[in-house]
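Hello,

Here is the structure you asked about, with the sequence alongside. My notes on what was found follow below.

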Amino acid sequence: RFFKSKIGLVRSKGDDYYFVSSEQPPHGPRMFSVRHMDKDGDIKTIGEFCSLTRYMAEKKVRQLSGCDY
């Protein structure tokens with residue numbers, strides 16, 4: 001809970017899941033990342049960790065999953 005991590009938008013494409021995670025350090029703004037989880041439960045960050053705004057991260061998740069909603 002040190003970084004107050006949260007999970008946001010989640011979308012799937014086949015066996016893959018794409019989602020937005022966010023962290024807020026003790027000093028600084030909340031920043032967002034795009035993450036990918038495969039069918040084995042392995043999670044990887046797509047792009048640079050905590051480098052996006054919420055809007056940019058959600059847009060990327062929608063693009064990767066092919067879901068426009």
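Strand β3, residues 31-37, is mostly covered, with 5 of its 7 residues buried. Please keep in mind throughout that this is a predicted model.

β3 has a partner in strand β2 (residues 16-23), and the two run antiparallel, joined by 7 bridges. In that pairing, tyrosine 18 stands opposite histidine 36 of β3. β3 is also joined to strand β4 (residues 43-46), again in antiparallel fashion, through 4 bridges. Here histidine 36 stands opposite lysine 44 of β4.

β3 and β4 form a hairpin with 5 residues between the strands. Within this hairpin, glycine 41 takes a positive phi near 90°.

The other residue I looked at is leucine 64, which is found in helix α1, residues 54-65. Setting aside neighbours within four places in sequence, leucine 64 is in contact with Lys13, Tyr18, Val34 and Ile46. Leucine 64 and glycine 41 are 23 residues apart along the chain, and their C-alpha atoms are separated by 18 Å.

As for the protein chain as a whole, its secondary structure comes to 1 helix and 4 strands. Read from the N terminus, the order is β-β-β-β-α. The C-alpha trace spans about 40 × 25 × 15 Å along its principal axes. The radius of gyration is 12 Å, which agrees with the value near 11 Å that a compact globule of 69 residues would have.

Buried residues account for 26% of the 69 in the chain. The accessible surface comes to about 4900 Å², and 52% of that belongs to carbon and sulfur atoms. Among contacts between residues at least 6 apart in sequence, 27% join residues at least 24 apart.

On charge, the chain has 13 positive and 9 negative side chains. The centres of these two sets lie 8 Å apart.

Regards

Key
Residues are numbered from 1 along each chain as its sequence is written. This is a predicted model: local features need pLDDT of at least 70, side-chain atom pairs count only at pLDDT 80 or more; totals for chains, interfaces and linings use all residues. Side-chain values use heavy atoms; hydrogens and water are left out. The radius of gyration is taken over C-alpha atoms; the globule rule is 2.2 Å times the number of residues to the power 0.38. Buried means under 20% relative accessible area, exposed over 50%, partly exposed in between (1.4 Å probe, protein chains only). Contact means heavy atoms within 4.5 Å. Accessible areas come from the Shrake-Rupley method with a 1.4 Å probe; for residues, only the protein chains shown count as cover. Lys and Arg count as positive and Asp and Glu as negative; His and the chain ends are not counted. The place of a charge is taken as NZ of Lys, CZ of Arg, CG of Asp or CD of Glu. Two strands pair if DSSP finds at least two bridges between them.
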